Amino acid sequence: MRRSTRVAMCLALGLAALPVAGLRADPTTQQKYDALKAQMAAMARQMASMQKQMAAMKKRQAAMAASTQSTDQKAIDRSVRRLYKKVMKESQKISALEPGNIQVLIAGDVNFQFQHQQGHASTFYADSSPMIQVRVDKNIFINTAFDFYTQSGGAGGVNSDIGAANLNYELNDNITLGGGLISSPIGGIVGIYNPAPWNRWVVDGSLEDNLLPPNELGVWARGGVPAPNNLGYLTYFLFASNGPASTSTNGTANSAGSYNSYTGLNYGNWNPAAQNGKAIGGRVSYLPIPNIEVGYSFEYARPSADGSPVTINSLVQAVDFNAYYVNKKIDGLFRVRGGWTWDQVGQGLVVANASGGFSSLGGDSNGGQIEFAYQPSMCGIKYLNRVMAAFRYDRIDGPVSQALSGSDHEQRYTFGLDYWLHSNAVLKCEYEFDNLSGGQHGADAVFMQFAVGI
C-alpha cells in the first residue's frame, strides 16, 4: 500500500475518534468532517480500482513474457533443425567421397517354361538373367547384366550371354552419357517395353525381333526434356556403335523347292574387320500425356561380310506406340502397344557367297506387332482381379521371313492368360496360331511359363 494511502487512512481513523459531541458543537467543523470523510471514501474506492488494474496488468505482463519466450524458443528450435539438416547434408557429401562408399542394386528375373511347337520336340526351358547396378557417386553408375539359359528345343547344356556392360555419367537432369554394351532402343516395343520375360504379356517373342538389333556396343547420349509450351514430354536416345556384319547365303527351300537368296544382318558380330563404318542411330519419343507414348527409331550402317572389302547400305527404321487406361468404368486396366519395322539391306548389289556362287543382295523386309491386354483389377472379385487376358498379332515379310520359314511372309495370332501371384510374379499360358503365305499352315505352339522379377 502506498504511503499516501496509509496517511489518508490514519487521518480518517483519527477524525473518527474525535468526540462526537465536540464535533456537533461546531457546525463548521462537522461539515469539514463530512467532506473529509466523503473524500476518504472516494480515495478508498479509487485505491481498490487501482489494485484491480495492477493485478490485471501483472497478468498481462506475465502472459506477454510467456508468449515472447515461446516464440523465441520456436525460432531457436527451427534454427537448430536447419543447422542439423545442413550438417547431415554436408556429412553425406563428405561420406560419398570416401573410397569404397558405393551403392549396389541387384535385380533381374528368373523364368521356367514349357513349350511345345508342332514339328518340334516339346521341351522344358529355364532362364536366369541377373543384373547388377553399382552407383559410384551421385553422377556415375555402371550396369552389368548376364543371361544363363538352357538350350531351347534341342539338346545341349547351359548357355550364357552378356546382356549389358556399360558406364554412365549423369551430366544433368536431362542428359546421361554412356559407353559400353546396352540394349538397343530401336523398335521401342522390343527394347524398352519387353526387356524381361516376367514383364511381357505373352511368352513367345515377336517375329519383329528378327528385324531389330538386340543390343548396341558403342557410346550414347540419352535423356528427356519438356516439350515446348509444356505440351507433354520428349525423350531421346542417340548412339554410335559397332555396326552389324552382312550375311549372304542361298537361304532355305521355299514351297516350290527352290532357294531364295537373301542378305541378313548379324548384330552379334563385333569383328572390327567388318565394321570400319560404324552404325549411327537412335530413338525419339513424344508423350503428350504420361500414359501415351509414340516413338520413331532408326539405325544406319555400311556393313560388310567378314573378310570382304564389299560394303553395302543398311537402314532399319521403326515406329512404336504404347498406351494404357485405368478406370473404374472398365473395372481395371486396359493396355495396347504396337510397332512396325522396315529393314532395307544392300539393294541391287551382287557378292560372292560361301558356296562359291553369287547371291543377289537387296529386297526389303518388314514386320511388326500389335498387342492388347485387359486386367479387371478393380472388379472386386477375388482371384479374377489378378487375371490378365492378352492378345497379339505379329507378322514378318520379305527375305528375313524366307530365311525363317521358307515363306514370303509369316503371321501369327497369340492368345494368352496371365495370373499375377504378385506384382512381379506371374503364371502364363498361351496358344499360338501360325500361318504362312500361300495358305500354308505353320507350326502352332503351346507355351506355359512361371516368371519372377526382382
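Taking a salt bridge as a side-chain nitrogen of Lys or Arg within 4 Å of a carboxyl oxygen of Asp or Glu, the count comes to 11. Side chains of opposite charge can pair when their charged atoms come close.

Before we follow some of these pairs, here is how to read the numbers. Residues are numbered from 1 along each chain as its sequence is written, and side-chain values use heavy atoms, with hydrogens and water left out. In this predicted model, local features need pLDDT of at least 70 and side-chain atom pairs count only at pLDDT 80 or more, while totals for chains, interfaces and linings use all residues.

For Arg 412 the relative accessible area is 7%.

Another partner of Arg 412 is Glu 432, and their side chains meet in a salt bridge at 3.3 Å, N to O. Glu 432 lies in strand β19 (residues 425-436) and Arg 412 in strand β18, so the two tie together parts that are 20 residues apart in sequence. Glu 432 is buried as well, with a relative accessible area of 1%. Put together, Asp 204, Arg 392, Asp 394, Arg 412 and Glu 432 are linked in a network of salt bridges.

Now compare Glu 208, in the loop between α4 and β6. Glu 208 is buried yet has no salt bridge, and the nearest side chain of opposite charge, Arg 392, is 8.6 Å away. Lys and Arg count as positive here and Asp and Glu as negative, while His and the chain ends are not counted. What does Glu 208 touch, not counting residues up to four places away in sequence? Its contacts (heavy atoms within 4.5 Å) are Gly 339, Trp 340, Thr 341, Gly 367, Gly 368 and Gln 369.

Val 387 gives a view of strand β17, where this residue is found. At 24% relative accessibility, Val 387 counts as partly exposed. Val 387 and Leu 417 are 30 residues apart in sequence, and their C-alpha atoms are 7.0 Å apart in space. Leaving aside neighbours within four places in sequence, Val 387 is in contact with Tyr 374, Gln 375, Pro 376, Leu 417, Asp 418 and Tyr 419.

Asn 229 has a positive phi of about 60° although it is not a glycine. Asn 229 is found in the loop between β6 and β7 (233-241), and it is exposed, with a relative accessible area of 70%. Asp 331, also a residue other than glycine, has a positive phi near 60°. The loop between β12 (314-327) and β13 (332-345) holds Asp 331, which is partly exposed, with a relative accessible area of 29%.

Helix α3 (residues 27-96) is where Arg 82 is found. Arg 82 is exposed, with a relative accessible area of 54%.

Finally, step back to the whole chain. There are 5 helices and 20 strands, and of the 454 residues, 33% count as buried. Among contacts between residues at least 6 apart in sequence, 56% join residues at least 24 apart.

Conventions: Buried means under 20% relative accessible area, exposed over 50%, partly exposed in between (1.4 Å probe, protein chains only). Helices (H or I, at least four residues) and strands (E, at least two) are DSSP runs, numbered from the N terminus.
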